[in-house]
Amino acid sequence: MCEQMGKEPDEAEMPPDLEDFPEIVIQALNTFSHLGDRTYPDIGYMGKDFTNLSHYLDINGIENTELFLEILTYLESRAIKQSQDALKREREKLKRKS
């Protein structure tokens with residue numbers, strides 16, 4: 001995109017690559033993507049299903065479980081918020097049509 005605008009890329013403005021994050025963040029992101037979703041009709045996305053979390057902790061050899069869980073809950077809260085906002089937009093769109 002910078003090339004199209006005739007600018008040199010500024011590393012300070014570039015989003016970080018996955019490799020730029022600590023290993024525990026990468027493991028949390030991978031685990032988050034593997035966990036199942038809890039979704040209900042008329043309510044929408046309710047978060048992740050943490051039933052198998054202990055298996056992922058063992059498989060990945062996570063020692064700092066407190067930080068790992070903090071990262072997972074942060075990711076989950078962002079996903080829930082995004083889902084709620086999308087559902088709210090859809091409901092408002094339907095109200096305008098009626």
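Okay, Asp85: its relative accessibility is 29%, so Asp85 counts as partly exposed (buried is under 20% relative accessible area, exposed is over 50%, partly exposed is in between, with a 1.4 Å probe and protein chains only). Bear in mind that this is a predicted model, where local features need pLDDT of at least 70, side-chain atom pairs count only at pLDDT 80 or more, and totals for chains, interfaces and linings use all residues. Residues are numbered from 1 along each chain as its sequence is written, and side-chain values use heavy atoms, with hydrogens and water left out.

So what does Asp85 form a salt bridge with? The partner is Lys81, and the closest N and O atoms are 3.1 Å apart. By salt bridge I mean a side-chain nitrogen of Lys or Arg within 4 Å of a carboxyl oxygen of Asp or Glu. Asp85 and Lys81 sit 4 residues apart in helix 4, residues 65–97, so about one helical turn separates them. Helices here are DSSP runs of H or I with at least four residues, strands are runs of E with at least two, and both are numbered from the N terminus. Lys81 is partly exposed as well, with a relative accessible area of 47%.

How many salt bridges turn up in a search of the whole structure? The search finds 3. Another one pairs Lys93 with Glu90, with 3.6 Å between the closest N and O atoms. Those two also lie in helix 4, 3 residues apart, again about one turn of the helix. Lys93 is partly exposed at 39% relative accessibility, and Glu90 is partly exposed at 43%.

Then there's Lys48 with Asp37, a salt bridge at 2.8 Å, N to O. This pair links distant parts of the chain: Lys48 is in strand 2 (residues 44–49) and Asp37 is in strand 1 (residues 36–40), 11 residues apart. Buried or exposed, where does Lys48 fall? Lys48 is buried, at 7% relative accessibility, while Asp37 is partly exposed at 48%.

Next topic, the helix packing. Helix 2 (residues 23–34) and helix 3 (residues 53–60) pack at about 145°, and their axes are 11 Å apart. The contact takes in Gln27, Thr31 and His34 from helix 2, plus Leu53, Tyr56 and Asn60 from helix 3, where contact means heavy atoms within 4.5 Å. Sorted by type, the contact residues come out as 2 nonpolar, 4 polar and no charged. In that scheme Ala, Val, Leu, Ile, Met, Phe, Trp, Tyr, Cys and Pro are nonpolar, Asp, Glu, Lys and Arg are charged, and the others, Gly among them, are polar.

Staying on helix 2: its buried residues are Ile24, Val25, Ile26, Gln27, Ala28, Thr31 and Phe32. What covers them includes strand 2, helix 3 and helix 4. Take Gln27, which is buried at 17% relative accessibility. Leaving aside residues up to four places away in sequence, Gln27 touches Asn60, Ile62 and Phe68.

Last one, Val25, also in helix 2. Val25 is buried, with a relative accessible area of 19%. And where is Val25 relative to Pro41? The two are 16 residues apart in sequence and 31 Å apart in space, C-alpha to C-alpha.

Technical notes
Axes are lines fitted to C-alpha atoms, for helices over the stretch in contact, and angles run from 0 to 180 degrees between N-to-C directions.
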